[in-house]
Amino acid sequence: MSEKKPSYFVTGTRLSAMMFLEFFVWGAWYVTVGNYMNANNMGTMIAWAYSLCPIGAIISPFFLGMVADRFFATERVLAVLHIVGGIALVLTPMAAQASPTVFILVLLVHTICYMPTLGLTNSLSFHHMENPEKQFPIVRVFGTIGWIVANIVVSKIFHGDTKPIQFYIAGVAGLALGLYSFTLPHTPPPAAGKKANVRDILGLDSLALLKQPSFAVFIISSFLICIPLAFYYSFAPVFVNSTGVPDPAFNMSFGQMSEVFFMLVMPFFFMLLGVKWMLLLGMLSWVVRYGLFAAYTQHPIFGLVIGGIVLHGLCYDFFFVTGQIYVDEVASVKIRSQAQGFLVLVTQGLGMLIGAQLAGWLVAINTVQGQVQWFRVWMIPCVAAAVIMVLFA
């Protein structure tokens with residue numbers, strides 16, 4: 001007698017819990033680490049802290065393209081990576097007491113473990129969905145909720161924007177997700193038994209997708225737009241903190257709150273606009289966001305900053321999530337994890353790494369007597385995003 005397959009409601013609930021914890025871990029430290037470093041005499045290395053996730057993303061195709069696709073069930077790879085990464089986060093405050101370099105190195109261990117899980121959770125979710133365009137946004141929105149809850153817990157409840165507690169909260173959540181991952185729906189490696197070679201290890205099979213003109217335009221534009229995008233992730237929390245408002249990470253969470261709304265209405269926009277116009281609207285939102293931040297420096301009305309933050313729903317969902325769904329549609333089943341890893345490599349890897357370093361350099365040369373000249377810092381990515389948007393259009 002065959003085993004009864006669980007209903008999608010049960011599976012979807014389990015996937016939603018996975019997404020909640022996945023982004024709770026990231027949100028608990030990523031928004032606040034810059035202000036923590038400023039408070040602990042490590043401000044000059046903020047750009048390096050925000051380069052760690054891109055470095056992890058560059059390495060992640062190895063896990064996605066070879067390990068997850070070929071040798072081990074996806075849920076087991078997730079479990080091991082989150083447990084090791086969670087331990088690293090718990091040790092991060094101790095590393096900060098040793099030296100800024102040790103702090104960065106221990107945090108790097110976490111990001112190398114964590115970044116592959118972004119693609120793994122996507123591919124695991126898609127594997128258990130019958131209609132990803134409709135079902136994935138609903139599951140993925142719980143990741144956004146997890147990020148919001150993490151910001152509220154760290155910033156509003158514990159006022160931990162500059163305190164070590166952010167790493168303890170994130171680390172414990174990572175360990176919990178690692179254990180929970182062992183219970184996730186079994187997701188066997190799609191290319192099991194196939195002999196591994198250099199082409200597979202480097203994920204070169206997914207490069208064949210570049211022969212499709214639409215995919216090539218998508219990838220090139222995604223890479224370029226992620227360079228100015230990195231300015232927001234690296235220095236927006238520091239910028240918000242400089243305005244003098246309390247609990248900056250809590251204020252940043254309004255962006256994720258808008259993300260929840262746009263995630264839920266994404267299926268409607270897919271039917272109304274299609275992938276190309278959704279990506280274009282996402283790019284336009286980044287231009288407007290940086291314009292609002294620059295406008296605040298000339299007219300200090302905090303509503304301008306909040307306006308830029310609230311645009312995150314359009315900025316993230318219509319660009320990153322739309323891109324993930326598009327890649328799942330164009331990639332064959334056997335290279336789906338590779339293709340998701342390739343997208344992570346190009347956007348959150350190479351693009352964000354270059355952007356974080358450029359942002360750090362730009363902030364450094366625009367700091368006068370300890371005061372950052374934020375107008376210049378925000379206008380440059382504003383113009384850059386606008387140019388890339390026009391080229392994509």
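Which side chain meets Glu 259 in a salt bridge, and at what N to O distance?

**Ground rules.** I am working on a predicted model, where local features need pLDDT of at least 70, side-chain atom pairs count only at pLDDT 80 or more, and totals for chains, interfaces and linings use all residues. Residues are numbered from 1 along each chain as its sequence is written, and side-chain values use heavy atoms, with hydrogens and water left out.

**Entry 1, salt bridges.** I counted a salt bridge where a side-chain nitrogen of Lys or Arg lies within 4 Å of a carboxyl oxygen of Asp or Glu. The count by this rule is 2 salt bridges. The partner of Glu 259 is Arg 140, at 3.6 Å, N to O. Glu 259 sits in helix α12 (residues 248-264) and Arg 140 in helix α8, so the pair ties together parts 119 residues apart in sequence. For helices I took DSSP runs of H or I, at least four residues, numbered from the N terminus.

Next I checked burial. Buried means under 20% relative accessible area, exposed over 50%, and partly exposed in between (1.4 Å probe, protein chains only). Glu 259 is buried at 3% relative accessibility. Arg 140 is buried too, at 2%.

The other pair I looked up is Asp 247 with Lys 156, whose closest N and O atoms are 3.8 Å apart. Asp 247 is in the loop between α11 and α12 and Lys 156 is in helix α8, so this pair ties together parts 91 residues apart in sequence. Asp 247 is buried at 13%. Lys 156 is partly exposed at 40%.

I used axes fitted to C-alpha atoms over the stretch in contact, with angles from 0 to 180 degrees between N-to-C directions. The axes of α7 (residues 100-127) and α8 (residues 132-157) come within 10 Å and cross at roughly 130°. The two helices are therefore oblique; roughly parallel is under 35 degrees, roughly antiparallel over 145, roughly perpendicular 65 to 115, and the rest oblique. I take contact as heavy atoms within 4.5 Å. Asn 122, Ser 125 and Phe 126 of α7 make the contact with Pro 132, Phe 136 and Val 139 of α8.

Helices α11 (residues 213-242) and α15 (residues 302-310) pack at about 155°, axes 12 Å apart. They are therefore roughly antiparallel. Tyr 232, Phe 239 and Val 240 in α11 meet Phe 302, Val 305 and Ile 309 in α15.
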